[in-house]
Amino acid sequence: MEHTLSSRLNTLLVQKASLVPQHVPQEIPHGDMPGDKIVIDEGHIQKANTLTPPLIALLAKILEQKKCPRCVIGVCGGSGVGKSETASLLGWYLRQLDVPCYILSGDNYPYRIPKHNDAERMRVFRDSGIKGLFAHGVYTAEIGGILHELMLRDQDADPRLCETHPWLSIYQATGRNGLKGYLGTPNEIDFSRVTDIIAQFQNGAQAIMLKRMGREEAQLWYDLVDFSNVSVLIIEWTHSNSDFLSGVDLPILLNSTPQETLAHRRQRNRDGKTDSPFTTMVLEIEQALLTAQAHKAKLILSKSGKLLSYEEFCGMMK
């Protein structure tokens, strides 16, 4: 059966109709993360304008093949690349074309609230690092005392200190490996719940119970959301193209090279300080995950707003 929505999108493409609005208000609907705020700038609008025509073409093809005319779009990328803003704009653009959307924030689905999850990441790193020192037979009471002091100053992940303390390279390498087994995995995130939400949506559920998680322990609840008139579910999330997630039809990668990410985070910090060595390690591991999963993305957009082939992406990341 031909779907009305797919036909309408194809008609717009054939007519070469304008797929992007002439004016974008500052206040538009965004993801469902409690307290989340977005600030739209010209760079975000440029990215959305670039993505929308190929997105509509892919969306029309996907809907043609569906028994249930619904599609799931994933907008992923690293820190500061504009996932929330770009996803919000894509959702608003689609609504202007009479394509009803809902924007889901994947940041509602870690097991722990942010401050507890940050603490767990640090615990995993440090526990793995100390176990590595034992496994290599280099741990001593003296080293334990030095390491304790470094931990108190949040310097135990700083690679520059390995020259002074050679054993620290073992601690950091094994700690990093332990952290890689936690970040972006089912140990940290309830991927099964998000996969179940996607399956319910794809199967035509009229309403779905969605999780809400704020930044404090008591800020945890669920809302029954009406999906009876929703055709497109947009998931904005670092991990929306993860190998642990199933059911996303159209993954979009907003790419940022490590150099671009570092420059952005330096600019964002008013005092000019860079991230802590531990935060830098977390960002590097997340970037490695995004890069490893990039081959699945249907659209890849550079930080400067240029559409990239996968080959161009690989060349840029080298």
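In α2, the residues His44, Ile45, Lys47, Ala48, Asn49, Leu51, Thr52, Leu55, Ile56 and Leu59 meet Glu85, Thr86, Leu89, Leu90, Tyr93 and Leu94 of α3. Contact here means heavy atoms within 4.5 Å. This contact has ten nonpolar, four polar and two charged residues. Ala, Val, Leu, Ile, Met, Phe, Trp, Tyr, Cys and Pro count as nonpolar; Asp, Glu, Lys and Arg count as charged; the others, Gly among them, count as polar.

The model is predicted: local features need pLDDT of at least 70 and side-chain atom pairs pLDDT 80 or more, while totals for chains, interfaces and linings use all residues. Residues are numbered from 1 along each chain as its sequence is written, and side-chain values use heavy atoms, with hydrogens and water left out. Helices are DSSP runs (H or I, at least four residues), numbered from the N terminus.

Stay with the first pair. The axes of α2 and α3 come within 9 Å and cross at roughly 55°. Axes are lines fitted to C-alpha atoms, for helices over the stretch in contact, and angles run from 0 to 180 degrees between N-to-C directions. That makes α2 oblique to α3. Angles under 35 degrees count as roughly parallel, over 145 as roughly antiparallel, 65 to 115 as roughly perpendicular and the rest as oblique.

Now turn to α4. Helix α4 covers residues 114–135 and helix α9 covers residues 277–293. They pack at an angle of about 90°, with axes 12 Å apart. So α4 is roughly perpendicular to α9. Arg121, Met122 and Phe125 of α4 meet Phe278, Met281, Val282 and Glu286 of α9. Five of these contact residues are nonpolar, none is polar and two are charged.

Helix α4 also meets helix α6, residues 167–180. Their axes come within 7 Å and cross at roughly 130°. The two helices are therefore oblique to each other. Their contact has eight nonpolar, seven polar and three charged residues.

A pocket is an open set of points on a 1 Å grid over the protein atoms alone, where a 1.4 Å probe fits, with protein on both sides within 12 Å along at least five of seven lines; lining residues have an atom within 4 Å of a point. Of the 44 lining residues, Ser79, Gly80, Lys83, Asp107 and Thr238 are the closest to the pocket's centre. The largest share of the lining, five residues, comes from α9.
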